[in-house]
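User: I am new to this structure and would like to learn how to read it. Please take me through it feature by feature.

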Amino acid sequence: MATISFTPHLRQVGPTRPTACCGATLGDALRALEPDYPLLRGYLLDDQGRLRRHIAVFVDGVMRPRESVLGLALAETSDVYIFQALSGG
Amino acid sequence: MADRVFAATRKGLFEFRRRGAGDWQVASTAFLGSPVSMLLVDPRDRALYAALDLGHFGAKLHRSDDGGASWTEIAAPSYAGVDADAASPPSLKLIWALEPGGPDEVGVLWAGTIPGGLFRSSDRGESWSLVRSLWEDPRRKQWFGGGFDDPGIHSICVDPRDPRRLAIGASCGGVWDTTDAGETWRLGGTGMRAEYLPPEESDAPETQDAHRLVRCAADPDCFWVQHHNGVFRATKGVDDWREIHPSTHPAFGFAVAVHPADPRTAWFAPAVKDEFRYPADGRVVVARTRDGGESFDVLTEGLPQEHAYDLVYRHGLDIDPSGETLAMGSTTGGLWLSEDGGDSWSAARARLPPVYAVRFG
């Protein structure tokens, strides 16, 4: 199973530690987390299921294109890190 | 007279309590660090609703059933499945208006959003339905964004005589009303004009930038609009608007409040017109009319009169049900209260983040 780490900014709605997730793709893995973290999806994806504009996803150390990352195939050993840009005051 | 007011700000929600004459102090805070775009105090069950604009993580909605001691995230209006075949299907960007349904409709809420959808909940915000009749109206598709990329609904005025009768205001989308709880819509706005449009289009009702629409509780056919390029008043519903030309202050602004018992009395927070947007001469003032716009008092007592550049957003001015207490919050974090209908003001004890909305309740 791939391991997903989430930014601590999502600690109210998502896992606080790296979590092993079932799923052939990142989209599948996020769906698998929904029963335990029902609000998480709405923080990462917009109403149409698109990754929100300022969310960044690294898979195995490489930032992946937002438009296609949800369909990206995950390996058993994949390390996923999800965080967001911070800006403004 | 109200003794509690909320300020929804760029950095959280602040509850103020009246501790004495003109003395308003912070009683509680919530969501510190998070932008709060709107607040509703439901007069029917005392529930509080706070709309958050979390930026990267989207717009959210929270409810408190214990007066603000604790909050629970509930469903936000959603465009899931709406126009899914469009080149760029819509997604919720901001909850811009929250209003209760009628007194006998406990649990019914209305929400106006960016993009310009109107939503209804019948279960205290546990679920929401897009009002499709308005969303799919071809005239709605003519709306365009003003200060935001997309248009939005910022004003929802429920008729206290009949909660199936609503009027809404949109930027830039004019003023509309329904008599059947949103099944059908009528586009109002005759008499309005938009300086920013090509001359031949200036009276197009579906693209008027009504910055704020308010309705008199005691005389619900009477409305005021603070429009992008002026002040308008209507006395027979959302048509036949009469433009007001104040001689004492700029006609530009965002906010307007109407006296709950007197449709001729209204308050405004004027600013130098649109490309500047600061108080004339660096003096924060409130303009008040008591005769339907025939004349105005420019009220200054207690407000900053030297090098003050506060702008008041469209939800930054509120009046309590007594018609005597007003609250005004600014982009520079000022919050002022008046307990005498605007004659004099006192600053609340706080230096706030930029204020998006103030509400009594």
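**Reading the two chains**

Analyst: This is a predicted model. A first thing to look at is how far apart in sequence the contacting residues are. In chain A, residues 24 or more positions apart account for 52% of the contacts with a separation of 6 or more. For chain B, 50% of the contacts between residues at least 6 apart join residues at least 24 apart.

User: Which secondary structure elements does chain A have, and in what order do they run from the N terminus?

Analyst: Chain A comes to two helices and five strands. Read from the N terminus, the order is β-β-α-α-β-β-β.

User: How do I judge the overall size of chain A?

Analyst: Compare its radius of gyration with what a compact globule of 89 residues would have, near 12 Å; chain A has 12 Å, so the two agree. The C-alpha atoms of chain A fill a box of roughly 40 × 25 × 25 Å along the principal axes. Of the 89 residues, 29% are buried.

User: How many helices and strands does chain B have?

Analyst: Chain B has one helix and 28 strands. Its radius of gyration is 19 Å, close to the 21 Å that the globule rule gives for 361 residues, so chain B is as compact as a globular protein of that length. Its C-alpha atoms fill a box of roughly 55 × 50 × 40 Å, taken along the principal axes. Buried residues make up 50% of chain B.

User: Which way do the side chains of a strand point?

Analyst: In a regular strand the side chains alternate between the two faces of the sheet. Take strand E17 (residues 223-227) of chain B, where five of the five residues are buried. Phe223(B), Val225(B) and His227(B) point one way from E17(B), while Trp224(B) and Gln226(B) point the other way.

User: Which strands does E17(B) pair with?

Analyst: Strand E16 (residues 210-215) of chain B runs antiparallel to E17(B), with five bridges between them. Here Val214(B) has Trp224(B) as its bridge partner. Strand E18 (residues 230-234) of chain B also pairs with E17(B) in the antiparallel sense, over five bridges. Val225(B) has Phe232(B) as its bridge partner in E18(B). A hairpin of two residues joins E17(B) to E18(B).

User: Which residues touch the most other members of the largest nonpolar core?

Analyst: Met38(B), Leu39(B) and Ile95(B) do, in a core of 106 residues. Leaving out residues up to four places away in sequence, Ile95(B) touches several residues, including Met38(B), Ala51(B), Leu61(B) and Ala111(B). Another core, of 22 residues, lies apart from the largest one and includes Ile4(A), Leu10(A), Leu51(A) and Val57(A).

User: How many residues of each chain are in contact with the other chain?

Analyst: Eleven residues of chain A are in contact with eleven of chain B. On the chain A side, four of these residues are nonpolar, four polar and three charged.

Methods. Residues numbered from 1 in each chain as written. Chains lettered and ligands numbered in written order. Predicted model: local features only at pLDDT ≥ 70, side-chain atom pairs only at ≥ 80, totals over all residues. Helix = DSSP H or I, 4+ residues; strand = E, 2+ residues; numbered from the N terminus. Rg over C-alpha atoms; globule rule 2.2 N^0.38 Å. Buried ≥ 20, exposed ≤ 12 C-beta atoms within 10 Å, placed from the backbone. Contact = placed C-beta atoms within 7 Å. Core = buried A, V, L, I, M, F, W, Y, C linked by C-beta atoms within 7 Å. Nonpolar A, V, L, I, M, F, W, Y, C, P; charged D, E, K, R; others polar. Pairing = 2+ DSSP bridges.
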